[in-house]
Amino acid sequence: MTDNGGATTGSGNSGTPAGTPGETDETTVATDLERLILDAPRKYTPYQAARAAEVPMDLATRFWRAMGFPDIGQSRALNDNDVIALRRLAGLIESGLLSEPMAIQVARSTGQTTARLAGWQMDTFLDNLTQPVEPGLTRSDVAYPLVELLLPELEQFLVYVWRRQLAAVTGRVVQAAEDHETTSGRLAVAFADLVGFTRLSRRLEEEELGELVEGFENTCSDLIAGQGGRVVKTLGDEILFVSEDPATVAEIALSLVETLAKEDNMPALRVGMAFGTVTSRMGDVFGTTVNLASRLTSIAPKDAVLVDGELAAALEHNGTATLPETPPAPGHRFHLQPMWRRPVRGLGLVEPWLLTRTPTATA
């Protein structure tokens, strides 16, 4: 539940109150911080919390596991906020707004997303939370005021960004009702991958590697968002992004290659893209189109963009791309060159197209 179970406190999983004899300083600090963050003391065992929320224990357990929290036996580690959260989820089911499987999915997707967010935030503030303690100060003296100041600001910002994102997604869903392409689940999907990253990672120090990955993710995420695409996920040396508009994804892909090529310490980039039916689930995308985009990325040359036949046809159809035998016309930003046909594992014979800018087009 919302207390991150006993997970945040390590040996504090037992739910032992702060100040108990034999408790380490680290556990005491963690317990103090837990109380500050959760704004409620530990009070219930899982069974007691489920009973207080009037929710069957098996359903409560499934909610907790879906949110990513460990089983804590009968430790008294939950609080009133956990009970309220259980009631709300159960209430959504009882009211008919969500089915039980949908409520579990809500819990799982929220847990996975916020776990990553919390991890990133703690990575950012880690030095301040674990820096050597000055003489006369305990670790709690350093960490507690920092968290106390950050907590309300981060909470308000999280709610703001979530509402903004929800508004954007809701708008796309409503618009999809009038757009057959979107309604049918057709998306342009692209992977951008750093070439030779595994080999490079063996030569770099951890700090250097972290800075490279952070620079790559920041540059890509800003450019993708700024040009109207959506980042689905980042995988260290690779980023997956989508758009309903093939021309938007094509522009982003070429801009990424051009931008990263200017970075002296950044490896070469390759991009693979495909257009077709996509299954969206819990913020991720799946299906043959996604697999094809991934395969095209793996065979793309350095600093190049490969697209599948569907995306090439879509760019030609909407008047943004020209083929080799067609002279460029106004509005033709892209040029398509057919490449060699080759078998792709699990997808059969594929003919990629090399995407470049027309000679008169600018980034």
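Q: Is Glu310 buried, exposed or partly exposed?
A: Glu310 counts as partly exposed, at 43% relative accessibility. Buried means under 20% relative accessible area, exposed over 50%, and partly exposed in between (1.4 Å probe, protein chains only). Please note that this is a predicted model, in which local features need pLDDT of at least 70, side-chain atom pairs count only at pLDDT 80 or more, and totals for chains, interfaces and linings use all residues. Residues are numbered from 1 along each chain as its sequence is written, and side-chain values use heavy atoms, with hydrogens and water left out.

Q: Which residue forms a salt bridge with Glu310?
A: Arg186 does, with the closest N and O atoms 3.4 Å apart. A salt bridge here is a side-chain nitrogen of Lys or Arg within 4 Å of a carboxyl oxygen of Asp or Glu.

Q: What about Asp193, which residue pairs with it?
A: Asp193 forms a salt bridge with Arg270, the closest N and O atoms being 3.0 Å apart. This pair also links distant parts of the chain, since Asp193 is in strand E1 and Arg270 in strand E4 (residues 269–277), 77 residues apart. Asp193 is buried, with a relative accessible area of 9%.

Q: Where is Asp237, and what does it touch?
A: Asp237 lies in the loop between strand E2 (230–234) and strand E3 (238–243). Leaving aside residues up to four places away in sequence, Asp237 touches Ala192, Asp193, Leu194, Phe197 and Phe216. Contact means heavy atoms within 4.5 Å.

Q: Which residues are linked in a network of salt bridges?
A: Glu251, Glu258, Arg333 and Arg357 are linked in such a network. Within it, the side chains of Glu251 and Arg357 meet at 2.7 Å, N to O. That pair links distant parts of the chain: Glu251 is in helix H10 (residues 246–261) and Arg357 in strand E12 (residues 353–357), 106 residues apart.

Q: Are Glu251 and Arg357 buried or exposed?
A: Glu251 is buried, with a relative accessible area of 11%. Arg357 is buried as well, at 14%.

Q: New topic: what does Leu292 touch?
A: Leu292 touches Ala274, Asp308, Leu347 and Val350, not counting residues up to four places away in sequence. Leu292 sits in helix H11 (residues 288–299) and is buried, with a relative accessible area of 15%.

Q: And helix H3, which of its residues are buried?
A: In helix H3 (residues 57–66), the buried residues are Leu59, Ala60, Thr61, Phe63, Trp64 and Ala66. Just after H3, Gly68 takes a positive phi of about 95°.

Q: Finally, how many helices, strands and salt bridges are there?
A: The secondary structure comes to 12 helices and 12 strands, and the structure holds 11 salt bridges. Of the 363 residues of the protein, 39% count as buried.

Key. Helices (H or I, at least four residues) and strands (E, at least two) are DSSP runs, numbered from the N terminus.
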